[in-house]
Amino acid sequence: MYQHSVRVDRRKCVGCTNCIKCCPTEAIRVQKGKAIIRGDRCIDCGKCLGACPHSAMVSVTTPISALGCFKYNIVIPSTTLYSQFRGICKLEDIYAGLYALGFDAIYEEAKAAEILAEAMNRYIHGPDVVFPVISCTCPVIPRLIAALYPSLIDNLSPFVSSNELAARVAKAEFCEATGIPASEVGAYYISPCSAEITHMRSPMGMEKSEINGVFSVRDIYGKLVDMIGKLPADAPCMIEHRAGAFGLGSAVVGGLSIAIGTEHYLAVDGMESIIECLDEIDNDRMGGLMLLEAMACRGGCIGGPLTFENQFVAKNRNRRLQYSQPRLDLERDEHVQKYVDSPLIKCDKEYEAKDIMKLSDDMLEAIRMMDKMESICRQLPGLDCGSCGSPTCRSLAEDIVRGQAVEMDCIFKLRDKVRQMAQEMVDLASAQKRG
Amino acid sequence: MTIYTEEFRVERGNFQEAGSASSKIKRTLKKMGISPAIIREVAISSYELELNLVIHSLGGTLKLSIDGSQLLIISEDMGPGIGDIELVMQEGYSTASESVRAMGFGAGMGLPNIKRHSHEFSIESELNKSTRIVAKYNLI
């Protein structure tokens, strides 16, 4: 079943080649004039959402009307949400707005990021670690590793992502304080990115996600901006476990590494740059590196496709928010210490390689296919025009050997064929009749 | 019987393209579904060989060749040849110039590293003529 958040709106798609060109796993093709996403190759990075000039790539999030499904609702605001609002610097205003939207409790993703940072700090100084540890806070990263870098699976962090941890801790805390059974409590994440919807539906590293719904930052922004300022002065606006500057910083790439407190790290954003760095790591050219913090979106979560604000403006606001909050000592923070060793924080299922590159499970067959692919590729024009519906001539050659395309999909090949057939017609017509 | 070959020209001193042949080889091997452990070893040795061609040789070729059970990475250059093979096979020995070292290359260990990352390793060289290095891997 198709589990991804990103879908093609066929009414808006004009069959141009922008999306097929930007996809890092070559998961999109144009067939019969419309883009088609191959579910087995998509890693939910969301690049196509930004690349489509016709807004035909859409991310399907949970509708806000879904809030009635559980008796009690907890909201997990992503740290990115805070930096969307022009002129609002007080987090209390945002909390008040979230309560007014009907949520019973708020648990900040930023607080979970602080727990994770402390856990990661202990982990990288512990025994039996495969370096560099690759952080999985961005849900695209484990998917990218499983698809293109199966040899780096053991480097993936053993911890769940910060929003997943937030949902788990928030439910545990809520049920502990109220005595309400967990089955009556839903956790909703306010997400800057489409990959979180896929994480909720088919998570990696665990059987089931504790997140029950994913709203887009944009949808909630629209609701909040309307409401804030109109709320009564005595409206509830407090939350129990507030994150400090470190947790708030995790919405920007590099923030988590700073919170962890190691100096030998790489903080990388954007798919091309991440792929470059993973190649370096995969080729063993990053001696001594302890941590890779990679975020699929430019700038980090603040650059997510479901955000409202320009990422640089959001980054500036995020920085100001960090300055407004204390730098909590994570080693002494009571709440952080309560959960840092808890089983809630760990992935409970092994990551599995998907290895989408492989042409065939039979190696000899794959080698033969590769040979055929190379020879087809030499016959193609090499312009990478995308008119055939595959992103490059090389990928068309691959599609042909996989049986998903034919050589005549190439318009240059087709033109040559037409020319040759026309010549044959002429030759035939002018052939002397015997006798 | 050879069932697959791919050959790349490598130019002396061309650092802009240095590494592209070995990454193409790696991509090919991933498509073939060769085990990640072997791909990793091949990636390391082919990168070292490619960089050696760029830094030390007068130019040459890097070749991937596969028969049913063996994978070969072959580096052949047009000189200048190695006088004392025993010496270059020592850990830490380097002939790289200051300018190359300033770029972070040429710290020595190239050839012993390739040997460590291959199942079989052979080197033939004739001074003032050419060098041929083969790193072999058993696929089965």
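Predicted model: local features only at pLDDT ≥ 70, side-chain atom pairs only at ≥ 80, totals over all residues.
Let me begin with the interface. Chain A brings 23 residues to the contact and chain B brings 19 residues. Between chain A and chain B an area of about 2100 Å² is buried, and carbon and sulfur atoms give 59% of that area. If you look at the chain A side, the residues that lose the most area to chain B are A:Met357, A:Met363 and A:Ile367, which together make up 28% of what that side buries.

Turning to the polar part of the interface, the count between the two chains is three salt bridges, and there are six residue pairs in polar contact, with both residues at pLDDT 80 or more. One of the salt bridges joins A:Asp282 to B:Lys30, with the closest N and O atoms 3.8 Å apart.

Which helices of chain A each supply at least two residues of the side that touches chain B? They are helix H12, residues 271-282, helix H15, residues 363-379, and helix H16, residues 393-401. Of these, H15(A) gives the largest share of that side, namely eight residues. By residue class, the side of chain A that touches chain B divides into twelve nonpolar, two polar and nine charged residues.

Now to the cores. In soluble globular proteins, nonpolar side chains tend to be buried together. In this model, the largest nonpolar core has 79 residues, and the residues with the most contacts inside that core are A:Ile145 and A:Leu278. Leaving aside residues up to four places away in sequence, A:Ile145 touches A:Ile134, A:Pro150, A:Leu152, A:Ile153, A:Leu156 and also A:Leu278. Apart from that core lies another one, of 46 residues, and among its members are A:Ile376 from chain A and B:Val42, B:Leu53 and B:Phe121 from chain B.

Is B:Leu29 buried or exposed? With a relative accessible area of 0%, B:Leu29 counts as buried, because the cut-off for that word is under 20%. Its contacts, again not counting residues up to four places away in sequence, are with B:Ile34, B:Ile39, B:Val42, B:Leu64, B:Ile66 and B:Leu71. As for B:Glu11, which is 18 residues from B:Leu29 along the chain, the C-alpha atoms of the two residues are separated by 23 Å.

Conventions. Residues numbered from 1 in each chain as written. Chains lettered and ligands numbered in written order. Heavy atoms only, no water. Contact = heavy atoms within 4.5 Å. Buried area = accessible area lost by both parts, 1.4 Å probe. Salt bridge = Lys/Arg side-chain N within 4 Å of Asp/Glu carboxyl O. Polar contact = N/O pair within 3.5 Å; in protein donor to acceptor, adjacent residues only side chain to side chain. Helix = DSSP H or I, 4+ residues; strand = E, 2+ residues; numbered from the N terminus. Nonpolar A, V, L, I, M, F, W, Y, C, P; charged D, E, K, R; others polar. Core = buried A, V, L, I, M, F, W, Y, C linked by side-chain atoms within 4.5 Å. Buried < 20%, exposed > 50% of the residue type's maximum accessible area, 1.4 Å probe, protein only.
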